[in-house]
Amino acid sequence: MISDRMRVLLVEDEPSAAHVLAKGLREQSYAVDVAADGDTAIFQAGTTDYDAVILDVMLPTKDGFAVCRTIRDAGCAVPILMVTARDAVEARIEGLDCGADDYLVKPFDFGELLARLRALIRRGRQPILPERLRVGPLVLDTRARTVRAFTREVALTAKEYALLEYLARRGGDVVSRSDIAEHVWDEHYDPMSNVVDVYVQRLRRKLDQAGAASVIRTRRGEGYQLVAAETS
């Protein structure tokens with residue numbers, strides 16, 4: 001049983017399944033609202049502060065993927081557990097890519113649903129990470145993992161992209177070399193290595209433009225900072 005009463009939106013169009021799930025959740029002390037179609041789910045998610053959403057994929061009016069995207073596009077970070085009979089890998093990928101936090105394939109054990117729901121609620125609402133990150137002349141597509149700099153496409157290696165995205169997500173903060181290494185490299189990173197500096201130089205060569213200051217500034221003794229370039 002959960003210690004505090006949590007409010008959950010259950011989105012399920014099949015009446016008997018919705019009844020059984022809602023009953024089981026209420027017996028676990030959850031407060032449960034039920035939506036039977038996509039439009040109703042979007043309305044309820046936009047007007048009520050839920051602790052989690054259990055979202056079926058196959059729905060009338062709008063499917064679960066569209067509902068999930070709409071909720072996320074509205075800036076709502078409520079944890080979403082997507083539930084569906086579609087067990088193809090492509091369907092699971094689509095569900096996670098559209099903003100779901102977890103994916104459960106029917107038929108499932110009710111105990112597993114409860115465990116996944118508890119885990120989502122424990123983690124709580126995380127800030128929505130945008131699909132596109134913009135820093136000055138840079139635009140990062142975090143899904144496709146592509147970069148444009150000064151309106152041109154820039155080809156980056158996987159590690160170069162990971163370093164750039166980490167700096168971009170830090171929102172202009174000065175980030176130390178050790179912090180970069182911890183988040184971009186693995187446990188085999190040698191703290192005496194200059195690999196971070198080498199990769200920063202590679203990024204500068206690929207991203208910077210003549211007549212503009214570097215988009216990655218060195219803060220001596222502190223680390224690196226991703227900033228909007230200024231024309232000199």
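How many aromatic pairs does a search of the whole structure find? In this predicted model, the search returns zero. A tyrosine ring does, however, take part in another kind of arrangement: arginine 202 lies over the face of tyrosine 199, at 4.6 Å from the ring centre.

Strand 4 (residues 80-84) and strand 5 (residues 102-105) run parallel and are joined by four bridges. Within this pairing, valine 83 stands opposite leucine 104 of strand 5.

Antiparallel pairing is found in an open sheet of four strands, whose order is 6-7-8-9. The edges are taken by strand 6 (132-135) and strand 9 (152-154); each has a single partner strand, so one side of each is left without a neighbour in the sheet. On average, neighbouring strands here are turned by 25° against each other, direction ignored. Inside the order, strand 7 (residues 138-141) and strand 8 (residues 146-149) share four bridges in the antiparallel sense, and leucine 140 has valine 147 in strand 8 as its bridge partner.

Two helices complete the picture. The axes of helix 6 (residues 158-169) and helix 7 (residues 177-184) come within 10 Å and cross at roughly 120°. Helix 6 and helix 7 are therefore oblique to each other, and their crossing is right-handed.

Technical notes. Residues are numbered from 1 along each chain as its sequence is written. This is a predicted model: local features need pLDDT of at least 70, side-chain atom pairs count only at pLDDT 80 or more; totals for chains, interfaces and linings use all residues. Side-chain values use heavy atoms; hydrogens and water are left out. Rings of Phe, Tyr and Trp (its six-membered ring) pair if their centres lie within 6.5 Å; planes under 30 degrees apart count as stacked, over 60 as edge-to-face and the rest as tilted. A charge sits over a ring if NZ of Lys or CZ of Arg is within 6 Å of the ring centre and within 35 degrees of the ring normal. Two strands pair if DSSP finds at least two bridges between them. Axes are lines fitted to C-alpha atoms, for helices over the stretch in contact, and angles run from 0 to 180 degrees between N-to-C directions. Angles under 35 degrees count as roughly parallel, over 145 as roughly antiparallel, 65 to 115 as roughly perpendicular and the rest as oblique. A crossing is left-handed if the near helix is turned anticlockwise from the far one by less than a right angle, and right-handed if clockwise.
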